[in-house]
Amino acid sequence: MSDTTAGQVLTTKDGKPLKAALARALRREKLRSLALIAPLLIFVLLTFVAPIVDMLFRSVENGIVEETLPRTVAALRVWDPESAQVPDEAVFAALYGDLAVAVEEKKHTRLGSRLNYEESGISSLFRKTGRRVNRMDEAGPFKEQFLDADDKWGEVATWQVLRQFSPRYTDGYFLNAFDAQRTADGIQMKPEDERIYMLLFGRTLFLSIVITVSCLLLGYPIAFLLAALPLRSSNLLMILVLLPFWTSLLVRTSAWKVLLQQQGVINDFLVWTGLISDASRLVMINNQTGTIIAMTHILLPFMILPLYSVMKTISPTYVRAAKSLGANDWTAFWRVYFPQSVPGIGAGAVLVFILSIGYYITPELVGGTSGIFISNRIAYHISSSLNWGLAAALGTLLLVAVMVLFVVYDKIVGIDNVKLG
Amino acid sequence: MKLKTVILAGTALAFAGGAAVAEDMTLVSWGGAYQASQKAAYADPYVADHPDINVIWDESSAEAVAKLRAMNEAGNVTWDLVDVVASDAIRLCDEGLAMEIDPDTDLAAAPDGTSAADDFGDLLVSECFIPQIVYSTTFGYRSDVADWGGKEPDDICDVFDLEAFPGKRALEKRPINNMEWALLCDGVAKDDVYEVLETEEGQDRAFKKLDTIKDSVVWWSAGAETPQLLADSEVVIGSTYNGRLFALIEEQKQPVKMLWDAQVFDLDGWIIPAGLPEDRLARVKDFLKFATDTQRLADQAKYISYGPARKSSAPLVGKHADLGIDMAPHMPTDPNNAKNTFLYNYEWWADYRDDIDAKFQAWLSQ
């Protein structure tokens, strides 16, 4: 010790600097742990992150127009959309060249359905023109022949849509998701009777909060009871909590239909007891009430389980100590027990909220028109209208909304204040 | 060492066995009674003749368009034959996801020699589509409603008449059919419906008409909902597919009757996914030729009350396989039922579906 002077480098037995040797050992350690988690990491990247990124990318991707009609897109660059004049013969000649190839490869109808999202009628315009293209005179003049095939080619609006959506990337889907559109005067809100997505986003957030709060109100006492009861009775209670959890979602949702409908069990009972008259049966399903009741029931276990596992760790001696120091039951609970259960509330609330914000099957079945969520529209655009770009834009917005809420939650409650047990 | 030998032997056996077992053919359909009718009428007889073929059913028709598109993008189409409604067939054809067929070479001629193209006639609505059945979306009503004072609805516009026929209605949660019925009952002539619906004013007019009953409507999204709602007396009139109502009335004996007025005909049939390898394509074409011949389509009507798509099948329609009742009077195409029918315009809806659907959803949520 005493012969070590300042500036002298500590070395290992074989003469290498200790610092470097340590760094190498640590690096090796790191690499080894990385190699251990690599299979999972690669799995998650390939099966989870990559598809999501790919899906989100579709919300701006718009290569189909340029790929299908390359010459037309190039020719259209010199055309002035504000001129109120249909493009000249050169553009039509380019369109003929492109369409002849596209029809051969059967791509024109696909482009038609893409552009039909922006302007109704383009789908059949491409289908119809595609059938005519092979019979057109290759020598031209093409403008006449196209106008002859369909007079929509003579409308400036058709060309404006084509030109507006010719770039490889578009903000059209996002504008649509915000109930907006690009008009000649810039970006504007859509007409009142076509706005729907913002309303649905608002409703999804609102209903998810209501569902989370009602899950908390119903779940807290149950979790409290579960944690407080002796093991034998709490196990029985736990089975009662888990039993519906193991039952098919559709069965539970259908059961709520039987219970809640106007000729259903609850209404029949209320009429029988004389609380309500036969003519004024309650409407409890196919509206927001139905969605809230059914989803609260379905998501309740996700609230109870984290609450229970946190409450289980709260030592009963604290409450006892508080009482022996003179606190009444309520003060002991509110000042001593409750603050310790907050991490469980946080975990349960985040879990229920995030699950409910993306739910769609239950709202679809019991939500009627006022109880459906944004996810119902996303599902519609994925599986029915095939407007995947719009579905991706809506999905991106939903993802961003959840992340913003998560950050807000972190600021208010603190994410490290969340515990699952 | 020993374990390795066992594994190797096992693998070899599995391969050898694999060569001998049947080749799989995946058919996609709707599940339920409809798929059962297809199985009984054509898949089972075909397999009886071709024991080397193993038919696998996939109940994915409702999401067939989206799934086929995803399969196509992934470059691995696992389906051989897909059952879809005509409008979906047109979309699939538009997207290049379904194969075009030639009715005269790919399909069997009628027994009297009429070519398949003539036998199917107008029902070949798309180059990719091989129709099987004609079904209709129509109304059923409860025949025991006290408030109606013994009257029964016999006109499509009675659905919009809350004074004479009070009670809740069940309508499908989409614009198709509802918009047409609304305009018909707002005084638009049958031939002008789509022309009117093309304009903003026409759409507003349809929504205004639907507004008159909006508060009394339960909106359904699955065809099984209306029969359930009718059976529970949750609604007094409801639209759904005629086969569902047949099951409710004849099999479950519920006090429900058919309102055939202004029923909307639609078609359901097969498409072959684009890009199948040669061997699978040959196999599927052989099955298709068998499954859509005159006798097979007539056989299907024994199990479900949908009309065969071939003209030559109509006279061969017999009795229900279990109930033993004549099926002809329950077909949507029966002259007594088809006094006033409405033809759904596929091309028109392919163009306007996106636009009107957005408006319809906005209208619903107002």
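How many residues of chain B are in contact with chain A, and how many of chain A with chain B?

**View 1. The interface of chain B and chain A.** In this predicted model, 39 residues of chain B are in contact with 40 residues of chain A. The area buried between the two chains is about 3,500 Å². Carbon and sulfur atoms give 41% of that area.

View 2. Seven salt bridges are found between chain B and chain A. One of them joins B:Asp94 to A:Arg127. Their closest N and O atoms are 2.9 Å apart.

**View 3. The side of chain B that touches chain A.** Helices H3 (64-74), H4 (86-94) and H14 (346-365) and strand E6 (217-220) of chain B each give two or more residues to this side. H14(B) gives the largest share, 13 residues. By class, this side has 20 charged, twelve nonpolar and seven polar residues.

**View 4. The largest cavity.** The whole structure holds four cavities of 30 Å³ or more. The largest has a volume of about 120 Å³. Residues of both chains line this cavity, among them A:Tyr117, A:Leu386, B:Asp94 and B:Asp354. Helix H5 (108-116) of chain A and helices H4 and H14 of chain B each supply at least two lining residues. The lining divides into three nonpolar, four polar and four charged residues.

**View 5. The second largest cavity.** This cavity has a volume of about 50 Å³. Its lining includes B:Ile90, B:Tyr344, B:Trp349 and B:Arg353. H14(B) gives the most to this lining, with four residues. By class, the lining has five nonpolar, one polar and two charged residues.

Note on methods:
Residues are numbered from 1 along each chain as its sequence is written. Chains are lettered from A and ligands numbered from 1 in the order in which they are written. This is a predicted model: local features need pLDDT of at least 70, side-chain atom pairs count only at pLDDT 80 or more; totals for chains, interfaces and linings use all residues. Side-chain values use heavy atoms; hydrogens and water are left out. Contact means heavy atoms within 4.5 Å. Buried area is the accessible area (1.4 Å probe) that two parts lose on being put together, summed over both. A salt bridge is a side-chain nitrogen of Lys or Arg within 4 Å of a carboxyl oxygen of Asp or Glu. Ala, Val, Leu, Ile, Met, Phe, Trp, Tyr, Cys and Pro count as nonpolar, Asp, Glu, Lys and Arg as charged, and the others, Gly among them, as polar. On a 1 Å grid over the protein atoms alone, a cavity is a set of points where a 1.4 Å probe fits but cannot get out, and a pocket is an open set with protein on both sides within 12 Å along at least five of seven lines; lining residues have an atom within 4 Å of a point. Grid points are joined across faces, edges and corners, and a volume is the space filled by probe spheres set on the points.
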